[in-house]
Amino acid sequence: MRQFFTVGLNGLTLAGLYFLVASGLTLIFGLMRIVNLAHGTLYLLGGYVAWTVIRATDSFMLGALVAALLIGVVGLVLHQGLLRTIERDDMRVALVTIGVSLIGADQMLAYFGGVAHSIPTPEPLRTAVPVPLLGINYPAYRLTIVGIAVAVGIGLWLLLSRTRFGMIVRAGVDDREMVSASGINIRLVFVAVFLLGAALAGLSGAIGGAAFSLAPGVDMQFLLFSLVVIIVGGMGSVGGAALGAVLVAMVSNYALAYASSFAAVLVFGLMITVLAVRPQGILGKVAV
Amino acid sequence: MRLSSPAVRWTARGVLLAALIIYPFVVPQPGFWVVNIGIKSLWLGVMALSLIFLYKFTGLLSLGQLAFWGAAGYTIGYLVQLQGWSFAPAIALGIVFGILLGALVGSFAIRASGVYFLMLTLAVAQLMYFAALQASQFTRGHQGITGIRPPTFLGLDLVSARTQYLVALTIAVLLYVLCRYIEGTPFGLALRGLRDSPERMRALGYNVYAYKVVAFSFAAFIASIGGVLAIFYNRQIVPDGVGLIRTIDVLIAAVVGGVISLPGAFIGAFALTMVQNFSQFFTSRYLTLTGVVFVVVVLFFPQGIAGLWRQFTGYYLWAHDRWRPATRDAVEGKGVGAGAAQLSERSTD
Amino acid sequence: MTALSRASGWRKNWMLLAMFGVLSLIATACGVEDDVAVDEVDDDIVDEPADEPEEEPEVDEDVDEPAEPADDAIVIGHVNALEGPFAAGAEDGSRAVELALQEFDSEINGRPIEVIVESSDTTPDTAVERARKLVEQDGVDIVYGPLSGSEGVAISQYAAGVPDVTFVDASSGGAETTLEGPDNYFRFTAAGDQQGGNFGTYAYEELGIERVAIVAEDYAFPHALAGSFITQFCEAGGEVTEAFWVPLGESDYSSVIASMPTDVDAIYGGIGGSDAVNFLQQSIEFGLEIPLIGGSILVDETVLAAEGADLRDAVEDIVAAAPVFADEDNAEWVDFEERYHAEFPDGFETPSLFAALYYNSFKSLLHALEEVGGDLDDGHEGLRNALSTVAWDTPIGPIDGVDENNQGAVSNFIFQVVEGDDGELTTELLRRDDGIEQHPEPFERLDGCP
C-alpha cells in the first residue's frame with residue numbers, strides 16, 4: 001500500500017514538471033491557435049542555458065532566471081523572425097517549427113555533445129523530507145517542483161482571470177477580430193504571450209534539468225509528452241493542461257511500477273482513448 | 001507550338017517515362033544509383049504520395065502515414081520471417097492490415113482538423129513506434145525483423161536491383177495514375193467539395209464523415225504499398241523505420257516536393273534522397289541542412305519544387321500586369337500571396 | 001475543367017499506362033539479368049517531371065586524405081555514427097582509427113590506405129544505406145564499422161549479399177551479427193554477452209551475493225548483458241527475484257525504485273547513457289539502500305563524465321564488469337593513452353570506450369592486411385585467413401584469432417569504483433579474465449532464472 005502511494009506521489013511530481021512545460025504550449029495555442037512544435041527544443045535549450053549559468057555562478061536561482069529570460073527572447077526572435085508573416089496559418093507554423101526543432105536538435109548536439117548534462121539540485125533541497133500520513137521520506141526537490149507548478153498554475157490563472165491583459169487574451173481567444181476592432185493592439189498581445197510561453201519552456205528546462213538529465217532526444221521526448229498532455233486535457237486550457245499532466249504522469253508511473261515495459265504504449269493509449277470519446281480533450285472547447 | 005500544348009506534354013511524359021525505364025540500364029554503379037537513389041526515391045515517393053493525396057483531397061496534413069507503412073511491413077516481416085509464410089499471402093494480409101488500421105485511425109482522427117489532426121497523427125506514428133519496440137514477440141523489439149530476402153514473383157526476381165526498381169516504378173506509376181484518376185471521379189470531386197465547403201456538401205446530403213474515412217483509408221492503402229516496397233528495399237523492418245526522424249523525412253519529401261502536387265511527391269523524395277546521400281560533401285551537419293531547406297521552402301516556396309514554375313510565372317505575370325512601380329500594399333499582398341495562396345487557403349478553412 | 005476534357009484526359013492516362021506497360025515489358029525482357037554492361041550512354045533522369053538531369057556521379061571520394069586517390073590504394077569505407085546520440089563516441093573512435101593508421105604510416109607494403117567515412121545516425125536502415133553506398137558507389141575493398149548493435153546486425157546481413165567485400169566490425173555488440181553473420185564479416189570486439197564476462201559467477205562466488213533484482217533497459221543489448229549475468233548467477237546457485245525491463249529513453253525511474261524488493265542483496269543495473277545518469281541520480285534522491293552492481297554500461301565514462309551530476313553516493317563501491325579498462329599497469333594501455341593524448345590534446349581525459357574498441361578492431365584489420373602484403377587480388381581469401389588468425393596484445397588484453405562465427409574472444413575486467421588517494425573517485429581492477437567467448441545463442445529477455 002505504501003508503495004502504491006509512493007508511486008502516486010512520483011506521478012504527482014512528474015505531473016508538476018509536465019504541467020510547467022505544457023502550460024507554455026497551451027497558452028500560446030489558446031490565444032494564437034498555433035502550435036509551437038519547437039517547444040521541446042526551447043525546453044532543452046533552457047536546460048542547457050541554466051546548466052551553463054549555474055556552472056559559472058553556482059546560483060540555481062540565477063540560472064533559472066537567465067534560462068527563462070533568454071528562452072523568452074529566443075521565442076520572441078522565433079516569432080518575429082519566422083512566424084509573424086504566417087501566424088494566421090496554423091499549418092505552416094507547425095511545419096516551420098518542426099524545421100526549427102530539427103535545426104535546434106542538431107546544433108545543440110554539436111555544441112553540447114551527446115554526454116548527459118545534469119543541473120545540480122539547489123543545496124537546501126538535497127535532503128529527503130518526511131511526508132505526513134505516508135510515513136516515508138521523499139526528496140525535497142521533487143516536492144518543490146509540485147510547489148512551483150502549483151504557483152505557476154495559480155499565477156497563470158490570476159493573470160488570465162484578474163488582469164486587463166488576461167481579459168484581452170481571453171477575449172482574443174474567442175474573437176480575435178473583435179478585439180482588434182476595439183482598438184487594442186492584438187499584435188502586441190501576441191508577442192507578449194509568445195514570449196511568456198517560451199519563457200515558461202525555458203524555466204521548465206532549468207527545473208526539469210535538475211530532476212532529469214539533459215541529453216539529445218530529451219527535446220522530442222518533452223515535446224511529445226507536452227502534446228499528449230494538452231491533447232488529453234484540452235488544447236488552449238490551462239486547467240486542462242494541469243489535468244492532462246496529472247493523468248499522463250500517473251499512467252506512466254503506475255505502468256512503470258507494475259508493467260514497466262508497457263509504459264510508453266499505455267500513455268499513448270490513454271490519449272487515443274480520450275480522443276475517441278472526447279475529441280476536443282477533457283476540458284477543451286470544441287474546435288473552431 | 002505552345003509549351004503547354006497537349007502534344008508537347010505527352011511527348012515530355014513519354015520521354016520521361018522512357019528515361020525512367022532506361023535509367024537502371026545506363027547508370028554507372030547500378031548497385032548504388034538504382035538501389036540507394038532509384039528504389040529509395042520511389043518508395044519514399046509513394047509515402048509522400050500518400051500524404052499529398054490526403055492533403056490535396058481533404059486538406060488534412062498527416063504525420064502518421066508511417067504507421068500504416070509499419071503495419072504492413074511488420075505484418076509481412078512477422079508472417080514471412082517468424083511464421084514461415086510465403087510472400088504472396090503475407091503481402092496481401094499486410095496491405096489489408098494497413099488499410100484496416102487506416103480505417104480505424106481515420107474513424108477517430110478525421111474528426112479533428114488542421115493542426116489537431118497533425119498532432120493526432122504524429123501521436124499515432126509514435127504509438128506505432130513504441131508498440132514496435134515493446135511487442136517483441138511480434139516485432140523482435142529494438143532489433144527489428146531482419147534478414148528478409150525479397151521473393152521471386154511471376155518470374156520476377158526481386159533480389160535483382162533492376163527488376164526491383166522496375167517493379168517499384170510500375171507500382172509507383174500505377175498509384176500515381178490512380179490518384180490522378182480519382183481526381184476526376186465523382187468521389188474525387190465530392191472530396192474536394194468537402195474540403196472547400198463541408199457545410200454546403202453536408203446540406204447536399206453527403207456523408208462528410210464517411211467520405212473522409214474512405215479517403216483516409218485509401219491514403220493508408222498507398223502507405224501500406226510503400227511499406228511493401230520498403231521491406232524489399234531495406235530487407236528488414238525495425239522500430240527506427242517508424243520513428244520520428246523517418247516521420248519527418250516523409251513530411252519533408254512531401255513539402256519540399258510540393259504538398260499540393262501529386263508529382264511533387266516523387267520530386268521531393270528524389271531531392272531528399274540525393275541530399276541524404278551527398279550532403280556530406282558540403283556539410284557534416286545533415287539535419288541542420290535539411291532543417292534550413294525545409295524552413296525556407298515552407299516560408300518562401302509553399303508549393304515546393306513542383307510549384308516553382310507556377311510560382312515564378314505567377315510573379316512574372318503579376319509584374320507584367322503592373323509594369324509601373326507597385327504600391328506598397330500590392331507588394332506585400334501579392335508577394336506572399338502568390339506562393340502562399342494555396343497552402344494557406346487550404347489550412348485556414 | 002469540363003467533364004468532357006476530363007474524360008479525354010482519362011483516356012490519355014490509359015494510353016500512358018499502356019505505353020508504360022509495353023516499355024517495361026521490353027525493358028524487363030532484355031535486362032532482367034544483372035550483368036548488363038554499364039556504359040555511359042545518357043544522362044540519367046530520375047523520377048518525375050521537371051527534374052533537371054543530375055550530373056554523372058563523378059564524385060570525389062576523398063574525405064580526409066589529400067585529393068586524387070592513388071590507383072593502387074587499398075580503400076576502406078568507414079560507416080560511423082557521427083549523427084545522433086553517439087556522435088561524441090563515434091568521433092573518439094575516429095581518433096583511434098587515426099592513431100592506428102599512423103602506426104602503419106597509412107600504407108601497407110607501399111600501397112596507400114585510404115579511408116572514406118560515411119556517417120550514419122545509429123538506425124539500421126541508414127547504416128545499410130551508407131554501407132551500400134560505400135560498396136557500390138565508392139567501390140571500397142573493405143567496409144569498417146558500425147558502432148551500435150542493431151546497425152551491426154543489419155550490416156552483417158547486407159554483407160552476406162556482397163561476398164567480394166570484407167567487413168570488419170568497429171564496436172557493435174549485437175549477438176546475431178556474428179552468430180548469424182556471413183563468412184566475410186569479422187568482429188574483434190565484445191558482443192553484448194561477452195561484455196558481461198564471468199560477472200554472474202563472480203558476483204555469487206566472490207561477492208557473496210545470493211539474491212538480486214534486475215533493472216535494465218528493454219532492448220537487445222541489455223538483454224544479452226543481463227542474460228549472461230542471470231544465466232551464470234543462477235547456475236552458480238543464486239536467485240533472481242524480479243526483473244524490471246524499462247523502455248529505452250525513460251527518464252523517471254522513481255517508481256521503479258519505489259517498487260524494488262527490499263529482501264535482495266544487490267540490484268543489477270543494465271542501463272546506460274543518460275538513462276543511467278537518471279537512474280543513479282534518482283537512486284540517491286530516493287534513498288535506494290541496496291548495493292548496486294552493474295553491467296558494463298552502468299558506470300562507463302559516458303555516465304561517470306556526465307556534466308554536473310553528483311552521482312558519487314550512488315556509484316561509489318559499485319562493482320561492475322566491462323570490456324575496456326584504463327589499466328595503468330598494462331604497458332600497452334599506457335602507450336595507447338600517451339599517444340592518444342599527444343596526438344589529440346583536446347580529446348577525452350582518458351580514451352573512451354569507443355576509442356579503445358575502434359583501436360582494437362581497426363588495428364586488427366591493419367595487421368591482417370600487413371600479413372598479406374596488402375594483396376587483395378585473391379578475392380580476399382588471404383586477407384580473411386589472416387583476419388581469422390590475427391594475434392596481438394591490445395591495450396585491453398590479447399586478441400588471438402576468431403571462432404567459427406568470425407567472432408574474436410575478448411578480455412573482461414571486473415572492477416570497483418572506489419575513492420582514490422586524492423579523494424576523487426577512481427576505479428580499481430579486481431580481476432581480468434582473458435579469452436571470453438561469445439555465447440552460442442542470442443539471449444532473449446529473461447525475467448528470472450531460466
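Predicted model: local features only at pLDDT ≥ 70, side-chain atom pairs only at ≥ 80, totals over all residues.
**Before you start**

Residues are numbered from 1 along each chain as its sequence is written, while chains are lettered from A and ligands numbered from 1 in the order in which they are written. Local features need pLDDT of at least 70 and side-chain atom pairs pLDDT 80 or more, whereas totals for chains, interfaces and linings use all residues; side-chain values use heavy atoms, with hydrogens and water left out.

**Stop 1**

Select Phe4(A). It is found in helix H1 of chain A, residues 2-32. Helices here are DSSP runs of H or I with at least four residues, strands are E runs of at least two, and both are numbered from the N terminus. Phe4(A) has 37% relative accessibility and counts as partly exposed. The classes are buried under 20% relative accessible area, exposed over 50%, and partly exposed in between, with a 1.4 Å probe and protein chains only.

With Phe4(A), they form a nonpolar patch on the surface, with about 470 Å² of accessible area together. Patch residues have over 30% relative accessible area and no salt bridge; like charges are joined within 9 Å, and nonpolar side chains (Val, Leu, Ile, Met, Phe, Trp, Tyr) within 5 Å. A salt bridge is a side-chain nitrogen of Lys or Arg within 4 Å of a carboxyl oxygen of Asp or Glu. Areas come from the Shrake-Rupley method with a 1.4 Å probe; for residues, only the protein chains shown count as cover.

**Stop 2: Ala257(A)**

Go to Ala257(A), in helix H10 (residues 238-258) of chain A. Ala257(A) is buried, at 8% relative accessibility. Which residues does Ala257(A) touch, beyond those up to four places away in sequence? In chain A they are Gln3(A) and Val7(A); in chain C they are Phe244(C), Ser255(C) and Ser259(C). Contact means heavy atoms within 4.5 Å. For a distance check, pick the C-alpha atoms of Ala257(A) and Gly155(A): they are separated by 33 Å.

**Stop 3: from H1 to H2 in chain A**

Select Arg33(A), in the loop between H1 and H2. Arg33(A) is not a glycine, yet its phi is positive, about 60°. Its relative accessibility is 26%, so it counts as partly exposed.

Next, take helix H2(A), residues 39-57. Its 19 residues should span 27 Å, and the end C-alpha atoms are 27 Å apart, which agrees. The expected span is 1.5 Å times one less than the number of residues. H2(A) is mostly covered, with 14 of its 19 residues buried. Just after H2(A), Asp58(A) takes a positive phi of about 65°.

**Stop 4**

Show Cys234(C) and Cys449(C), joined with an S to S distance of 1.9 Å. Cys234(C) lies in helix H7 (residues 220-236) and Cys449(C) in the segment after strand E15 (425-436), so the pair ties together parts 215 residues apart in sequence. The S-S torsion is about -80°, so the disulfide is left-handed. Cys234(C) is buried at 16%, whereas Cys449(C) is partly exposed at 35%.

**Stop 5: two loops in chain C**

Select Gly145(C) and Pro146(C). The peptide bond between them is cis, with omega near 0°. Pro146(C) is in the loop between strand E4 (142-144) and helix H4 (149-159).

Finish at Asp317(C), in the loop between helix H11 (312-315) and strand E11 (319-322). Its phi is positive, near 80°. Asp317(C) is partly exposed, with a relative accessible area of 48%.

Technical notes: Disulfide = S-S within 2.5 Å.
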